[in-house]
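Reader: Could you walk me through the charged pairs and the helix packing here, in plain words?

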Amino acid sequence: MKSPMLEYAFFEGEFVPFTEAKVSVGTHALQYGTGAFAGIRGYLDADGETINIFRLPDHSARLLNSAKLLRAPLPFNRESLADTIVKLVEKNAPGKDVYIRPFVYKSSVQLTPRLMGLDSELAIYMLELGDYLDTSSGVKAAVSSWQRVSDNSIPGRGKLSGSYINSALAKDEAEEKGADEAILLDAHGHVAEGSGCNLFLVRDGALITAPVTGDILEGITRRSIILFARDLGIPVEERVIDRSELYIADEAFFCGTGMQIAPIASIDGRLVHEGNVGPITSQVREIFFDTVRGKNPKYAHFLTKIRIPVAAGAN
Ligand code: PMP
């Protein structure tokens, strides 16, 4: 199978072929999950010649915050990290939508599970990526028996590698039940988020999502949707959500960089909006996709635009 990875990666201070970006099997991050990552999308603009990176400075800032939680000082600030990502995109010159994965990790070969006194490094690689889950007709969701990691166990507001075991357990369970994605509840039984995405419900014309203090990742797509909705005059409530609200919601959707905006057709076998995409979901989804494709001038400031040479874009 052809690797979906693009040719170049950034690895420990230099641009190298992806196949040369390798670490020792004894790497601390590999053994203990002491890494933090970002997931960023670049969309091919409607002009076919530009890659639009969605909210790059915000992803860059969040990765640096995750690195702080990991006690991983890096020789990068928000701007230089974003610039390095732009340089990598330019070097790979993709002709399609891409997903960019920057990764901060404890690179020391060391046996003690700790954060202090270890070396930290940054790597970035990227691949071509279309839809991760269906964004048109509706996905199946299932409430997980796995509880979302709490801020006092592994802080979910950092994208910390080790905590993704929690996501993986929930995702497997959902798929084994025949669903596409899990909905995790927090330690109090309140609705937190998906395994790799945030969640919105619609009730009585208002959008509802868990608060940033509800053991969720502070999603950048979530933040964008709150803004789009408020600009449309749709009320948004960031509040504790009961499980039973999932079953009586008028509409529901997942959102995230990988997920984009994925309408939910059913939750635990109960149809949402009769299994069809509801009007508010549809409105927000349209603004999102128009924005990332460079067709919505109102939110053009969310895009870092990178011109791709025509010859590269043609393949
Ligand atoms: N929650 C989790 C657990 C995630 O992994 C993601 C994906 N990054 C999200 C929410 C959505 O965040 P964002 O919109 O910033 O991608």
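Author: Glu245 and Arg203 form a salt bridge, with 2.7 Å between the closest N and O atoms; the term stands for a side-chain nitrogen of Lys or Arg within 4 Å of a carboxyl oxygen of Asp or Glu. Glu245 belongs to helix α6 (residues 243-248) and Arg203 to strand β11 (residues 198-203), so the pair links distant parts of the chain, 42 residues apart, where helices (H or I, at least four residues) and strands (E, at least two) are DSSP runs numbered from the N terminus. This is a predicted model, in which local features need pLDDT of at least 70 and side-chain atom pairs count only at pLDDT 80 or more, while totals for chains, interfaces and linings use all residues. Residues are numbered from 1 along each chain as its sequence is written, and side-chain values use heavy atoms, with hydrogens and water left out.

Reader: Is Glu245 buried or exposed?

Author: Glu245 is buried, at a relative accessible area of 8%, whereas Arg203 is partly exposed at 26%; buried means under 20% relative accessible area, exposed over 50%, and partly exposed in between (1.4 Å probe, protein chains only).

Reader: How many salt bridges does the structure hold?

Author: There are 16 salt bridges. One of them joins the side chains of Glu193 and Arg148, at 2.7 Å from N to O, and this pair links Glu193 in strand β10 (residues 191-194) with Arg148 in the loop between β8 (139-147) and α4 (164-176), 45 residues apart. Glu193 is buried at 4% relative accessible area, and Arg148 is buried at 7%.

Reader: Switching topic, at what angle do α2 and α3 pack?

Author: Helix α2 (residues 56-69) packs against helix α3 (residues 78-92) at about 120°, and their axes are 9 Å apart; axes are lines fitted to C-alpha atoms, for helices over the stretch in contact, and angles run from 0 to 180 degrees between N-to-C directions. That makes α2 oblique to α3, since angles under 35 degrees count as roughly parallel, over 145 as roughly antiparallel, 65 to 115 as roughly perpendicular and the rest as oblique.

Reader: Which residues make the contact?

Author: With contact meaning heavy atoms within 4.5 Å, α2 contributes Leu56, Pro57, Ser60, Ala61, Leu63 and Leu64, and α3 contributes Arg78, Leu81, Ala82, Ile85 and Val86.
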